[in-house]
Amino acid sequence: MKMSGGVEWALHCCVVLTASNTPVPAAKLAELHDVSSSYLAKQLQSLARAGLIHSVQGKSGGYVLTRAPESITLLDVVRAVDGPGPTFVCTEIRQRGPFATPADACTTPCPVARAMWAAEDAWRQALAAVTIADLARDVDATSGPEALVGIQAWLTSGAG
């Protein structure tokens, strides 16, 4: 399954938002991840449209998670950024060409479609089983408990 690069950025932003008790400006998120503000803004807008984050206006404005990180799954973020549609769309190739199967004989999906849909279902189940909170815990486990604390301090320091 192929996802857009925006999914990775959106996931990283959601994890960072778990480390902050105050709204985080988009410019700070872009600087932290060394990505263009305009590119990141598109991902943040997708997350906001999906109701996963909320934009707080004003001098101290920025983005915050709208739900507890334990209730936001990776699948939620993938759907927000890449859309809810299927990754595989059957075009009934078996009904084309010199050995085409007549449409009325195609009463069940072909083996290719069944296999791809099963793989997509497993992929979506795996994404739905992991939350933003799980990712934040993994950051602590792999980068040390001071990693997100350091990010939080940087976000609120005015540095950058």
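D134 has a relative accessibility of 22% and therefore counts as partly exposed, a class that lies between buried (under 20% relative accessible area) and exposed (over 50%), as computed with a 1.4 Å probe on protein chains only. This is a predicted model, in which local features need pLDDT of at least 70 and side-chain atom pairs count only at pLDDT 80 or more, while totals for chains, interfaces and linings use all residues. Residues are numbered from 1 along each chain as its sequence is written, and side-chain values use heavy atoms, with hydrogens and water left out.

**Salt bridges**

- The structure holds 4 salt bridges, each being a side-chain nitrogen of Lys or Arg within 4 Å of a carboxyl oxygen of Asp or Glu.
- D134 pairs with R137 in one of these, with the closest N and O atoms 2.4 Å apart, and R137 is likewise partly exposed, at 46% relative accessibility.
- Because D134 and R137 are 3 residues apart in helix α6, about one helical turn separates them; helices here are DSSP runs (H or I, at least four residues) numbered from the N terminus.
- E120 and R124 form another salt bridge, at 3.0 Å between the closest N and O atoms, and both residues are buried.
- E120 and R124 lie 4 residues apart in helix α5 (residues 111–128), about one turn of the helix.
- D76 and R67 also meet through their side chains in a salt bridge (3.0 Å, N to O), where D76 is partly exposed at 22% and R67 is partly exposed at 33%.

Terms used: Helix = DSSP H or I, 4+ residues; strand = E, 2+ residues; numbered from the N terminus.
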